[in-house]
Structure formats: structure tokens, C-alpha cells
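Hi everyone, thanks for coming.

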Amino acid sequence: MDRHRFLEPLVRETASRIVLLVLDGIGDLRTANQPQTPLEAARTPNLDRLAERSALGRLIPVAQGITPGSGPGHLALFGYPPAAPEYDIGRGVLEALGLDLELDSETIAARGNFATVDSAGALTDRRAGRIPTAECVRLCARLGAALATTPSSDLVLSLHPGEGYRFVLLVRGSGLVHAIADTDPQQLGVPAIRLEAETEAAASTVERLTPVLAHLQAAIRDEPRANSFLLRGFSSLPALRSFDELYRLRAGAFAGYPLYRGVARACGMTVVECGKWIEEIIERVALRWTDFDFFFLHVKQTDMAGEDGHFDDKVAAIERVDRALPALLDLDPAVVAITGDHSTPVPMRAHSWHPVPLLVHAPFGFVDGTQRFTEVEALSGALGTFAASDLMGTLLAHAGKLAKFGA
């Protein structure tokens, strides 16, 4: 079933406001060595009180057993089934949009990570020790200067610093095909993967691009930490129907990191400049409260702690959100949904396939007797377990924004 085609004629405009608070990577695990999840260990009196007046459930970001990237995870939350070919948007484009870069039909974008390799070329750190953004700016400038001495090429490359160790590579030229595999092996102790075409049509693009990238790699080989880079998510500009078209919503995105701003912009949301911490984000939401009827708030610190394997940091990030929550609830949204785009369990130090806890609070939402916003409580919640791409229908219904279907 085409979910958008089904919902679109039922959507109606109302004055009610919806808040979707995404705690990136919030889901976690109980294991023999980690008997509590960070949500269970955290002191969350405000989330607890909200859970007591709400319904809980779990979201499956893509499909059972499939580990999502951040892009697909967010697209699903916004109602775009990420497994459908038309919504298969590469991370490169999302990062580029998040940096407000101009894209056209002759541009390929890729997300880059500065990384550390040893003398044999094996990866020792896929994030170059999480170098600061200022160092990323310097490195991108150094690579930009190296482009002036690049071997003869019909391609035009540019590098654009993002947050920390991340950057965006734009490649412009005629006849480019973005079906190129990631060079990031997602593990240490092995070299980066050589550039490879995923389709025959992309072979020419890879052939043209390979010598240029080799030249850039050589240009930073003497750096102490960021002496290499990895590329992921080669992609071209998509064409998605906007939130306004699909849901008749004026949507505002409050996210401090480029990828999440990029996903929001691809969906037609207005991206509002804000800080990276929940207090700063809520402050900006309050200032723009009359401008939107859908608010996407993104918290990154939970995911970062999970990827670094830092249990206490993930607990601290959750507790910080809990302390800030009353200021958000004081704005009196009709619907509040709290969830994540995927799980990032501390024991795994990576994204995972595990379902993500969900809380939905609304005046006519079911109060299911759950006491806390945790993975275990979510298992018994009234919302059950369902696909993340169905969440928007649930939120619209709770906000009174869906008409009755049929006579």
C-alpha cells in the first residue's frame, strides 16, 4: 500500500501542534555485563511522570534485523519508507543539504570521515580521534590547495568541512553516476576499501575519480592523526514530496548537526539555527512556537555516547534531556512523541537492528499504565511494535489531523 496516497486525502489542517523529540541512538541492551540499559539507569523524574500519562511502544526503523543508518532512520520517522527505492537517499546528499551546499543534476556528494592509518595503511581510528571542527577546516583547506596540483581530470572537486572529523566531498562533471560503494570498511586493522562501482554504468565515474582521490590521500599522509579519509554515501539530489504537500504541516527542524538538518531539508522542513544541546534547542523552539505546527527536535549526544561505548555519558545525556523536558511541555503541544532513529547499544559501540522505544502523549492518547520510558516498559506498551514509517499517521491521528476513512 502507498501510505502517502492513502493518508493524503484524509489529512486536515488544525491548530494543534506536534513535537517529535528524537534522542538519537536511544535504544540499548541488557546483557550479562550490562544488566541495565542507560534509560533504566538514568534518573528521569520528568520522563517518568510523562510516561505515566502516556502510551509506550516500539518502532522498527527499516525492517526486522536491518541496521539503519541515520538518514534512513530519520526518513522513516518522517513517513518515507526507507526501503523503497525512491526514498533511498545517500548520506552524502543529506550532509550536503545540511551544510546548505548547492546541488544540481551533475553533482555527486559523498560524506567523508577523516581517519588514522598506520604505516601499513591499516585503519587505527575511523574518526581520527574525533578531531575538533577547527582541525577539520584546516584539513579541508589543505586538500583544497592540493586540488590545484591534481592530475589532469575533467572533474571539479570541492571539500566542505562539517562537524568534527566529518566533511562533504562534491564531485561535478558530465555523465556522473553515483552508484559507488563506500570506502569505509566499518572496522579497524584493515585498509580502506578501494573505490568500486556498484553498477556497470558507474565504472567510468570510478575510473575518472580514482586518481584524484589517490592524490588527495597522498597530500595528507604526513598528518599526525588525520592522515587519511573514508568516503560513504555517494549520492545525487533526490526529489521528495514535502511535509506541506503530504501532511499540510508547517514543519520546523531544530537540529544542530548537518546530516539531520539535511534530512529535514530534503523533506521540505524549515531548518532553524539552534545549538547542539537540548536547552538551546528548546529555547529556539519557544521563540518560533507560532511559526510551525510540527517540530522536529534532534539530540545527538545519546548516539555519540553509544558509539564510544560510554555508558555513563549516555546516562548523563538522558538525564540532561529529562531536566529540560518541563520547558518543552510548558509550551503545551497537543502531541509529544519521544523516540530515536535507531538503537546504538553501548556494548556494541555501533548502530543496531534492535527496535527503538517510543512514547506518545496526547489528550486522547491511551494511558497504558507504563511507569517509565525504557526499553522493557515499551515492550508492554499499548502502542505495540510497528514500522517507524507508520509513525506520522499515528501522530496526525492523535493531533486530530486525520478525517474518518469511509462512510
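A bit of housekeeping before that. This is a predicted model, so local features need pLDDT of at least 70 and side-chain atom pairs count only at pLDDT 80 or more, while totals for chains, interfaces and linings use all residues. Residues are numbered from 1 along each chain as its sequence is written, and side-chain values use heavy atoms, with hydrogens and water left out.

Okay, the cores. By a nonpolar core I mean a set of buried Ala, Val, Leu, Ile, Met, Phe, Trp, Tyr and Cys residues joined through side-chain atoms within 4.5 Å. Buried is under 20% relative accessible area, exposed is over 50%, and partly exposed is in between, with a 1.4 Å probe and protein chains only. The largest core has 55 residues, and those with the most contacts inside it include Phe 78, Tyr 80, Phe 243 and Met 269. Which helix gives the most to this core? That's α9, residues 258-266, with five residues. Helices here are DSSP runs of H or I, at least four residues, and strands are runs of E, at least two, all numbered from the N terminus. Apart from that core lies another one, of 35 residues, with Leu 21, Leu 39 and Ile 278 among them.

Let's zoom in on Met 269. Setting aside neighbours within four places in sequence, Met 269 is in contact (heavy atoms within 4.5 Å) with Phe 78, Phe 243, Ala 251, Ala 253, Ala 264, Phe 294 and Phe 296.

Now the helix pairs. Axes are lines fitted to C-alpha atoms, for helices over the stretch in contact, and angles run from 0 to 180 degrees between N-to-C directions. Angles under 35 degrees count as roughly parallel, over 145 as roughly antiparallel, 65 to 115 as roughly perpendicular, and the rest as oblique.

Take α10 (278-287) and α12 (311-329): their axes come within 9 Å and cross at roughly 15°. That makes α10 roughly parallel to α12. On the α10 side, the contact is made by Ile 278, Glu 279 and Ile 282, and the residues they meet on α12 include Arg 320 and Val 321.

α12 also pairs with α3 (45-52), where the axes come within 7 Å and cross at roughly 50°. So α3 and α12 are oblique to each other. From α3, Pro 45, Asn 46, Leu 47 and Leu 50 take part.

Elsewhere, α6 (133-146) and α7 (203-219) pack at about 125°, axes 9 Å apart. They're oblique to each other too. Here Arg 142, Leu 143 and Ala 146 of α6 meet His 215, Leu 216 and Ala 219 of α7.

Next, is α11 mostly covered or mostly uncovered? Mostly covered: six of the eight residues in 301-308 are buried. Their cover includes β1 (18-23), β10 (294-299) and, once again, α12.

Last stop: His 354, in the loop between β11 (335-339) and β12 (356-361). His 354 is buried, at 18% relative accessible area. Not counting residues up to four places away in sequence, His 354 touches Leu 29, Ser 343, Pro 345 and Met 348. And though His 354 and Arg 58 are 296 residues apart in sequence, they sit 9.6 Å apart in space, C-alpha to C-alpha.
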